[in-house]
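Student: I would like to go through some of the labels given to this protein. Please set each value against its cut-off.

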Amino acid sequence: MTADAIRAPQATGATEDWSRRYSRGVLITDLLALIWVVFGVQILWLGLFSNLSTNTADVRLSYFGISIVVIVVWMSALALYDTRGDRVIGVGSVEYRLVADSSVRVFGLLAIAAFLLHVDLARGYVLIAFPIGILVLLLSRWIWRQWLVAQRKHGAFSARVLLVGSPASVLHIGRELGRTPEAGYRVVGAAVSTGLRGLLPGSTIQCHGGFDDLADALRETGADTVVITSSDDLPPERVRQLSWSLEPGRQHLVVAPSLTDIGGPRIHTRPVQGLPLIHVETPTYSGRKLYTKRAFDLIGSAILLIVLSPVLLVLAILVKATSPGPVFFLQERVGLNGSTFHMVKFRSMVVDAEDRLQELSTLDRAEGNDVLFKMRNDPRVTRIGAFMRRYSLDEVPQLFNVLLGNMSLVGPRPPLAREVERYDVHVHRRFLVKPGMTGLWQVSGRSDLSWEDSVRLDLYYVENWSLVTDLVILWRTLKAVTSSGGAY
């Protein structure tokens, strides 16, 4: 028996094996969390063996038994909504949304049952147990996700993917999957239309021949997931035959459309006569969402200015005392719809910093990129300026810009006019929303990013922004600022 024959059966069941183990672990922690919350609230509010009376026939019920029923129904709802499925774990908000939705439905079901059976449940018991239960479940799932992401970055707990398509599409999809290992797709090989064997040029992807060699490629790589990256050379009949050749329940087929950087909420699939039509909603920049974002910016910036006012005062004193010149630095930036405004920052450089820019821009440097000038050890930066830049404290006064409406708490980076002159046409879509104090660029590498990655992240935000996205970015900003990576 060959080595491939030994490895293939083990690999084809890899996804099922790790997903089952992970699901069991999450199930155990879900159960422990609900036992702790439901019985904890009962003991603190009512005692362990307290009873209640119904309004009819004076039937007495034990809260101990009611708590067991609540836990069983709650666990059943989590399973029914597939909150532990391998399709939703690891990335995105679907898992958290399913946990919250199923929990709310359990609460509604309990309320309806109590009404129909004339059971007068203690309000404190219900109103405390369910919100705390949802929060503890979400916290537990978040902890599990951190562990899973760490495992997936090392290639574990991931689907073994064989890419199938043209060399260009395989290269593109392979790079996109490589950007997010936490999604759980580990590329182990490819079968390309040219029949290439060996490394795909410009990548580390090993090719195993053409479409006629798919069976051998699956066996050689031990892949459990086939991803079709392009259908130009694969007619529908060929794709259908491929799906029939996969082992049911153990090997999976995924079709990757020619869409990238599209947020999940904008994508809807509608099957018509066996044809899966993908609807992509166009982004909107007006109406209720825009007013909600502005209200969020107003309230958030006002609260942050009040809370951080002592920090602002201390930094202002330090800037004034350690170097000659004004405390604040005003610079013209390009904002919403190409309009200009003056962005305010704490001065972190010497007074003649702008005059010395041309001299420094001619020096060889490894930092920054083709459009943005960045220098890791910029001689113009003052000592207190270096400290502020490391933790982005020099940008705190931009809260005044947010309050005035020139900027948002979250958005694309506000560029200089000289940078905008070098933009390609598509990059101008950044100006469809207000620039932000922080954004995807801030939490994904900051100044260490290439220009292409900076543009990609900003345009992704513009196309897919939402209030939930803003909250997530603000949360991730705290971690990015304290780590100080890519800040100079």
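Tutor: The model is a predicted one. The count of aromatic pairs comes to 10.

Student: What makes the pair of phenylalanine 328 and phenylalanine 346 stacked?

Tutor: Ring centres must lie within 6.5 Å to pair, and planes under 30 degrees apart count as stacked. The centres of phenylalanine 328 and phenylalanine 346 are 5.3 Å apart and the planes are at 15°, so the pair is stacked.

Student: Which parts does this pair tie together?

Tutor: Phenylalanine 328 belongs to strand β11 (residues 328-334) and phenylalanine 346 to strand β12 (residues 340-346), so the parts tied together are 18 residues apart in sequence.

Student: How do you know whether phenylalanine 346 is buried or exposed?

Tutor: Buried means under 20% relative accessible area. Phenylalanine 346 has 1% relative accessibility, so phenylalanine 346 counts as buried.

Student: Why is phenylalanine 328 called partly exposed?

Tutor: Partly exposed is the class between buried, under 20%, and exposed, over 50%. Phenylalanine 328 has a relative accessible area of 40%, so it is partly exposed.

Student: What is the class of glycine 92, and where is this residue placed?

Tutor: Glycine 92 sits in the loop between α3 (63-80) and α4. Its relative accessible area is 41%, so glycine 92 is partly exposed.

Student: How are helix α4 and helix α5 oriented, parallel or antiparallel?

Tutor: Helix α4 (residues 94-116) packs against helix α5 (residues 123-152) at an angle of about 160°, and their axes are 10 Å apart. Angles over 145 degrees count as roughly antiparallel, so α4 is roughly antiparallel to α5. Their crossing is right-handed.

Student: Which residues make the contact of α4 with α5?

Tutor: Among them are Tyr96, Val99, Phe107 and Leu110 of α4, and Phe130, Ile134, Leu138 and Trp142 of α5. The residues of this contact divide into 13 nonpolar, 1 polar and 3 charged.

Student: Which residues form one aromatic cluster?

Tutor: The cluster is made of Trp18, Tyr22, Trp144, Trp147 and Phe157.

Student: What are the figures for the protein as a whole?

Tutor: The protein has 15 helices and 14 strands, and 43% of its 488 residues count as buried. Of the contacts with a separation of 6 or more, 70% are between residues 24 or more positions apart.

Definitions and conventions:
Residues are numbered from 1 along each chain as its sequence is written. This is a predicted model: local features need pLDDT of at least 70, side-chain atom pairs count only at pLDDT 80 or more; totals for chains, interfaces and linings use all residues. Side-chain values use heavy atoms; hydrogens and water are left out. Axes are lines fitted to C-alpha atoms, for helices over the stretch in contact, and angles run from 0 to 180 degrees between N-to-C directions. Helices (H or I, at least four residues) and strands (E, at least two) are DSSP runs, numbered from the N terminus. Angles under 35 degrees count as roughly parallel, over 145 as roughly antiparallel, 65 to 115 as roughly perpendicular and the rest as oblique. A crossing is left-handed if the near helix is turned anticlockwise from the far one by less than a right angle, and right-handed if clockwise. Contact means heavy atoms within 4.5 Å. Ala, Val, Leu, Ile, Met, Phe, Trp, Tyr, Cys and Pro count as nonpolar, Asp, Glu, Lys and Arg as charged, and the others, Gly among them, as polar. Rings of Phe, Tyr and Trp (its six-membered ring) pair if their centres lie within 6.5 Å; planes under 30 degrees apart count as stacked, over 60 as edge-to-face and the rest as tilted. Buried means under 20% relative accessible area, exposed over 50%, partly exposed in between (1.4 Å probe, protein chains only).
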